Amino acid sequence: MSFRIGLVTFPGSLDDRDAARAVEMAGGTAVPLFHASDDLKEVQAVVLPGGFSYGDYLRCGAIARFAPIMNSIVTAADHGFPVLGICNGFQVLCESHLLPGALTRNSNLHFLCRDQKLKIENTKTMWTTGFKQGQEILIPLKNGEGSFQCDDETLNMLESEGRVIARYVDFDPNGSRNLIAGISNERGNVVGLMPHPEHAIESLTGPSTDGLTFFTSVLHQLVGR
Amino acid sequence: MAKIIVEVMLKPEILDPQGQAVASALPRLGFTFAKSVRQGKRFEIEVAGDPTPAQLAEVEKAAETLLSNPVIETYVVKIEK
C-alpha cells in the first residue's frame, strides 16, 4: 500500500496537477483535496501547490488561509502532520501562521521565471531527509512575490534553530532576507519553499530531477513512523 | 451614511519596492519634492448609519486578521462622514 498525499486545489491554483504527478512519480498516491471541504480524506501528508489562489487579491495566500480545508490542515499540522507549501503554498503557510515571516514583492518588481540553484541547509525536516547537507540543487523559480521578510528576532531564531532549509546560490532573485528560499517549523513537519520542486522531477521537462527528493523524503519518513 | 476607513501600510523596516519604484518615477516627470515614497492600501467600508462601537471593534478584528498581515503591516481605523 502506498501512502496517500493530498494536493489542495484552491480557486486559482496552477501547479496541483504537477504536484500530483510528482507524488505519483515518487511512489505515493496523489489524492485531490478541495478548498471548500474540510475533509482530508485520510491522507498522511499534504502539499499546498503553487498558483494564484483567489487571484492573489488582498495579499498572496491571505484569503486561502480561511478556506475550510486550511482549518483541518492547521489542526493536523500542529500534531505533526507533514505539510509542504510550494510558492503560493508557502505564502498560505505564512498567512496561516504555520510558518513565521511573510513573502513580499520581489525587490526588482519583476515576475521571475528561471532555473534557480539552491543549497540545502537542513536535511532533518520531513521533506528534506533525502538530501545531503549542503547539497546544491537546480529547480525552477517562478513568482512575483517571493521575497522572504521577517523581523530581526525571527531571522535570528530561524538561523540559530537551523530552520532555513534552502538558500539561493549564485544569484539573489528577489531580495529575501539571508537569501532564504525555504524554511520549516520548529518540529520540521511543515516546510515552505518558494521555488518549485514539482517541476524538476523528469529530465524531459525540468532542469534536473532534484525536486523529486522532496517527495521521496516524506514517503520515507512516513514509512519510518 | 458613514464610511469606516482602514488604511494598511507596510511596517517601516519592510522593504517596499513598489514605493521605491514610484519614488524613482516622480523625478522623471519633473516632480522633485519626494524624499521617499511608501505605498499602502485603503479599504472603504460602508455601514448603515453611524458606526457603533461594536461595529468598530469588529472592524478592528477584521483589520488585524484579514485586511492586514501583522507580520509585515500596520493598520489604522478611521471614520469618514
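Start in chain B and select strand β1 (residues 2-10), which pairs with β2(B) in the antiparallel sense over eight bridges; strands here are DSSP runs (E, at least two residues), numbered from the N terminus, and two of them pair if DSSP finds at least two bridges between them. This is a predicted model, where local features need pLDDT of at least 70, side-chain atom pairs count only at pLDDT 80 or more, and totals for chains, interfaces and linings use all residues. Residues are numbered from 1 along each chain as its sequence is written, chains are lettered from A and ligands numbered from 1 in the order in which they are written, and side-chain values use heavy atoms, with hydrogens and water left out.

Still on this pair, click E7(B): opposite, in β2(B), stands R42(B).

Now show the whole sheet. It is open, with three strands in the order β2-β1-β3 (chain B) and antiparallel pairing. β2 (40-47) and β3 (73-80) of chain B are at the edges with a single partner strand each, so one side of each has no neighbour in the sheet.

Next, bring in chain A. The contact (heavy atoms within 4.5 Å) takes 14 residues from chain A and 15 residues from chain B.

Last stop: zoom in on R59(A), which makes a salt bridge (Lys or Arg side-chain nitrogen within 4 Å of an Asp or Glu carboxyl oxygen) with E73(B), the closest N and O atoms being 3.7 Å apart.

Notes: Helix = DSSP H or I, 4+ residues; strand = E, 2+ residues; numbered from the N terminus.
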